[in-house]
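Reader: I would like to go through the labels attached to this model and see how each value meets its cut-off.

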Amino acid sequence: MSAIALLAAGCGSGDSGGDQSSAAGGKTGGEITVRGCNPQNPLVPSNTTETCGGNVIDAIFSKLVHYDPETAKPENDIAESIDTTDNQNFTVKIKKGRKFHDGTEIKAKNFVDAWNYAAYAPNGQSSGYFMEPIEGYGDMQCTGEGDDPCAGAGNAKAKELTGLKVVDDYTFTIKTTEKVSNLPVRLGYSAFSPLPDMFFKDPKSFGDKPVGSGPYKLDAWNKEQSIVLSKFADYNGDFGGKVDKITFKIYQESDAAYNDVIANNLDITDEIPTSALIDDKYKSDLPDRNAQKETGVIQTITFAPTKVDPNYADPKIRQAISMAIDRDTIIKQIFNNTRVPATGWVSPVVDGYKADQCGEYCKYDPAKAKALLQEAGGFKGSKITLSYNADAAHKDWTEATCNSIKQALGVDCVATGVVDFATFRSQIADRKMKGMFRTGWQMDYPSIENFLAPIYKTGASSNDGDYSNPEFDKLLVQAAAATDEAEANKLYQQAEALLAQDMPAIPMWYGKTTMGWSDKVTGVKITAFGTIDFTSVSLK
């Protein structure tokens, strides 16, 4: 099978929301400022699973595959070709002459070494899970028990994936444990970025000033203040940007960024505060300077792992809380209908989406919700808690959600802000967050699988609630091996249906990303992932 056929197989359905964008025709060069937030971790691609760091990583690292900003359709970037005849053995050829920001050429070994580093569990990479399909992954995981399974005798058996082989400077092969029909589609995700040789000499300091492979390079990272990128002079790929410099100005709240855009003190904000969504206020504040698009994003509420907080262990309690949430009213009053109520765990923009997978549990029904809670023996804790990061526009909707739960169930519910995204995510990752907490998912690649496996498969990198269901895991393996796309989607849909029985997370709404910009820029477009398309934006 050719690379083109493989890549086409996993495409999402792209724009389903009438994208608006500013007029083209800007100039090349100059600098722009955009809203940023504090990355959770140092900027290493295999250890960045959140959007604050991800937005920067995507600008400074090129991958084998690039996703079309408009449709998310995969197309080759550093890859010359990705070929397979059996969906288990893949041959990757890369383009000659592509360079890292330190001037060294990108070679096949830079991918193989990077993926081995990500997969080796003692390295503690949050995206290491994405290497799981590759043969030999299991032997690179830690085998010990307790808080540090990699301590002492728990060390991993191997340090390299047996499924990766360097053939020559520009060719390597991938062998997967099982058949993985959409593997080439996944290879545009940041976890699969190549890393330069210098990374392995000092991974720790690399994260503060990464040497990437993309159209922009990182010049400075002033913690809490800004991240500054500039155009890489020797970039010779097909997806370069027009502006010379991009500064991510780090904000603690979305209102401040929005007001700066109105005053032309900030060029682009990728988040409009809820106060400006009411009655479409942002359209009058920013006439001809706004855009909105349905994107591969879903907002959810996740329950803390049972061992952290046993009060939510019974699925009936989780289902009751979900039925107690009046999504329609919250979306209307808080978001001015700029969200779409979720009826399942998969975004409508990807192929394989099936409506109403959550069934009655995502429909507001106070009477049924209260009856289901009583059936479960009532809520045992003193109050239901819902945590969120306070540096973005989440206060209003989390408080409204708690009010809805409280009124329907008769149990006190409190929304609690955590100072910033980095602190919030660290508390979740360290399993210190109790109760419920806000979670969101921006697709890594356009596939129904991406909304299920990384979040709900046992031990997956973004499985914040430690959900585990062997039947769910088995269906994911069967779906990945299916060579027929319709058959694969059917199996993924069966897996998704199990989530309604267990309710590890509550689907809230699908994303419509809304952005605003200053009167100095043009060509602002929202990608299918809900991010700024830096290839198109320019100064007037």
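**Labels and their cut-offs**

Reader: Why does N336 count as buried?

Author: N336 has a relative accessibility of 19%. Buried means under 20% relative accessible area, exposed means over 50%, and partly exposed is in between, with a 1.4 Å probe and protein chains only. The value for N336 falls under the limit, so N336 counts as buried. The model is a predicted one, in which local features need pLDDT of at least 70 and side-chain atom pairs count only at pLDDT 80 or more, while totals for chains, interfaces and linings use all residues. Residues are numbered from 1 along each chain as its sequence is written, and side-chain values use heavy atoms, with hydrogens and water left out.

Reader: Where is N336 found, and what phi does N336 have?

Author: N336 is found in the loop between α10 (327-335) and β13 (340-341). Helices (H or I, at least four residues) and strands (E, at least two) are DSSP runs numbered from the N terminus. The phi of N336 is positive, about 50 degrees, although N336 is not a glycine. D280 has a positive phi too, about 55 degrees, and is not a glycine either. The place of D280 is the loop between α7 (274-277) and α8 (281-285).

Reader: Is D280 buried or partly exposed?

Author: Relative accessibility is 28% for D280, so D280 counts as partly exposed.

Reader: What makes E70 partly exposed, and where is E70 found?

Author: The relative accessible area of E70 is 28%, so the label partly exposed applies. E70 is found in the loop between β2 (65-67) and β3 (74-76). The C-alpha atoms of E70 and K525 are separated by 8.3 Å, with the two residues 455 apart along the chain.

Reader: How do you know that the span of helix α3 agrees with what it should be?

Author: The expected span is 1.5 Å times one less than the number of residues in the helix. Helix α3 (residues 108-119) has 12 residues, so it should span 16 Å. Its end C-alpha atoms are 17 Å apart, which agrees.

Reader: Why is α3 called largely enclosed by the rest of the structure?

Author: The reason is that 10 of the 12 residues of α3 are buried. Among them are F111, V112, W115 and Y117. The C-alpha atom of Y117 is 9.9 Å from that of M140, a residue 23 positions apart from it along the chain. M140 lies in the loop between α3 and β6 (164-168). The relative accessible area of M140 is 0%, so M140 is buried.

Reader: What makes D197 and K109 a salt bridge?

Author: A salt bridge needs a side-chain nitrogen of Lys or Arg within 4 Å of a carboxyl oxygen of Asp or Glu. The closest N and O atoms of D197 and K109 are 3.2 Å apart, so the pair meets that limit. D197 lies in the loop between α4 (183-186) and α5 (203-206) and K109 in helix α3, so the pair ties together parts that are 88 residues apart in sequence. D197 is partly exposed at 43%, and K109 is partly exposed at 35%.

Reader: How many salt bridges does the structure hold?

Author: The structure holds 23 salt bridges. One of them joins E135 and K175, with closest N and O atoms 3.5 Å apart. This pair links distant parts of the chain, with E135 in the loop between α3 and β6 and K175 in strand β7 (residues 171-175), 40 residues apart. E135 has 25% relative accessibility and K175 has 33%, so both count as partly exposed.

Reader: Are R425 and D464 buried or exposed?

Author: First, their side chains meet in a salt bridge, 3.0 Å from N to O. R425 lies in helix α13 (residues 421-429) and D464 in the loop between α14 (453-456) and α15 (470-481), so the pair ties together parts that are 39 residues apart in sequence. R425 is buried, with a relative accessible area of 15%, and D464 is buried at 9%. Elsewhere, salt bridges that share partners join K109, D113 and D197 into one network.
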